[in-house]
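Student: I have a model open on my screen and would like to read it with you. Could we go through it step by step?

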Amino acid sequence: MAPMHAPPPGSADVGVVGLAVMGQNLALNIADHGFATAVYNRTTSVTEQMIAEHPTGSFGPGLRGRGPGSLVPAAELADFVKSLKRPRVAVILVKAGKATDAVIDGLAEHMEAGDVIVDGGNAHWADTDRREKALKAKGLLFVGSGVSGGELGARFGPSLMPGGDRDAWKALEPVWTAIAAKVDPSTGKPIEGASAGKPVDAPNAEPCTAYMGPGAAGHFVKMVHNGIEYADMQLIAEAYSLLSGVLAMEPARMSETFAEWNTGELDSFLIEITADILGQADPVTGRPFVDVVLDAAGQKGTGKWTSEAALDLGVAAPTIAEAVFARAISAAKSERVAASKVLRGPIGAEFKGDKRRFVESIRRALFCSKVCAYAQGFSLMGEASRQWGWDLQFSAIARIWRGGCIIRARLLHQIMEAFSRDNSLPNLLMDHHLGGQVGEWQASWREVVANAAAMGVSAPAFSSALAYYDSLRAERLSANLIQAQRDYFGAHTYERVDQPRGKFFHLDWPDPKRPQLEA
């Protein structure tokens, strides 16, 4: 390959640093939408290979008056920065942590006041907060943007969750709005059909991006999205486990069941791919593919971050946490194999009900549990918004999650409508429509959880979601006894039901070791 020359100054509309799978796909998406896109990778051969595979003329005609896009390669970071039009906008897609800090520091050396650095990686929101403050002191603007949808989303339309300075968002908005996934505004259904060189051309469609709020709001919202994703995937896995463990249903039949579920309230990307997975045969053995996959799930930490944030902010998110713990115990495969030879389950347990009706009960229980998982995620975002003054708009968050992202689902259109009616809704379950649906189907939900327990089928997310629902609807919980215990052994005080909130009391408890005289 011929060596790359320094590109002309101001020849690119936007730039992408980091050309692994996500970075390359996002850059190609941007170019497909008519933007001259500067590209840089620390290993120059990666940039050269990308340019060789996508020469001038590879991209679509551009939309909304923009001409064809292009890639503008640079071998040096300084040349990359010079190639950007002002205010310069550079998008980083490198490994989170020290690698991101190194790229930010490198860009900052060459940028000028008013230029914008965008971190599109899976950064921890606290790192985003730190970086924005440090760059602001140098006169630079910073955006922490969630990018959801995996490599295909990055290439053909992701869900984008930017947060940071509003002026930074103004500079980024034309690009993010153009490349985001698009949905039908009336139905909320994603508009499919994009391909290389042919992006979605739907002038009246709604883009799956919006300004989230100042500081680290964008990456916090993306983190919660991933936490909900953990819960959603665990709930689907438990539904699969119930169909298999209680009803002895074969994968091919389960594939048909999930495909049928995908035509109703459960319509979603995750349900759709579950049907595909369960219908897939292993090319090596011919057995159902799902049966040859080891039952040990990995994780990259965002579910854990969500659970940690919930604990730090004092928000109940048990279903999300249970999904994280479920992955942890799945990874302890050898321990479980050993325990299975020692620990006993229910003896002679057998399902004796109507199997067809129980399948419908599982469907309803899955819907109810999903609503609880979303309720927990939005409650967490609500508390973060209150504590840090982000003014998150929950209808907008639900709106941009309807397409592009992993948790895209019909349910999100209902959630968007719920928060459109009342953005200050204290809990999603208190929405008349969604809460009412859960209330109507709770008998099925309870039947499923009871049968799981009776049959010895592990269903921690289903169970925790039901416990969350029962706790939320309880006017009085057993915490009065816990607080009495705390006052007894630690003088932690307590509030009284016959006194105003915020007024605390302490009982002078007798010494339990000292004999008491009878009155």
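Student: What radius of gyration does the chain have, and what would a compact globule with 519 residues have?

Tutor: Happy to start there, and note that this is a predicted model, in which local features need pLDDT of at least 70, side-chain atom pairs count only at pLDDT 80 or more, and totals for chains, interfaces and linings use all residues. Residues are numbered from 1 along each chain as its sequence is written, and side-chain values use heavy atoms, with hydrogens and water left out. The radius of gyration is taken over C-alpha atoms, and the globule rule is 2.2 Å times the number of residues to the power 0.38. For 519 residues a compact globule would come out near 24 Å, which agrees with the chain's 26 Å.

Student: How many helices and strands are there in the chain?

Tutor: Both are DSSP runs numbered from the N terminus: helices are H or I with at least four residues, strands are E with at least two. Counted this way, the chain has 20 helices and nine strands.

Student: What share of the residues of the chain count as buried?

Tutor: Buried means under 20% relative accessible area, exposed over 50%, and partly exposed in between, with a 1.4 Å probe and protein chains only. Of the 519 residues, the share that counts as buried is 50%.

Student: Is Gly197 buried or exposed?

Tutor: Look in the loop between strand S8 (182-183) and strand S9 (206-207), where Gly197 lies. Contact means heavy atoms within 4.5 Å, and beyond its neighbours within four places in sequence, Gly197 is in contact with residues including Asp32, Phe59 and Arg155. Its relative accessible area is 13%, so Gly197 is buried.

Student: Which class does Ala491 fall into, buried or partly exposed?

Tutor: Ala491 is in the segment after helix H20 (479-490), and its phi is near 50°, a positive value in a residue other than glycine. Because its relative accessibility is 44%, Ala491 counts as partly exposed.

Student: Which residues does the cis peptide bond with omega of about -5° join?

Tutor: Go to the loop between helix H3 (77-82) and strand S4 (89-92), which holds Pro87. The cis bond there joins Arg86 and Pro87.

Student: What is the volume of the second largest pocket?

Tutor: On a 1 Å grid over the protein atoms alone, a pocket is an open set of points with protein on both sides within 12 Å along at least five of seven lines, a cavity is a set where a 1.4 Å probe fits but cannot get out, and lining residues have an atom within 4 Å of a point. Grid points are joined across faces, edges and corners, and a volume is the space filled by probe spheres set on the points. The second largest pocket is lined by 34 residues, with Pro190, Glu192, Phe269, Gly404 and Arg408 nearest its centre. Its volume is about 750 Å³.

Student: Which helix gives the largest share of the lining of the second largest cavity?

Tutor: That cavity has a volume of about 30 Å³, and its lining residues include His219, Met223 and Trp305. Helix H8 (217-245) and helix H12 (302-313) each supply at least two lining residues. The largest share, three residues, comes from H8.
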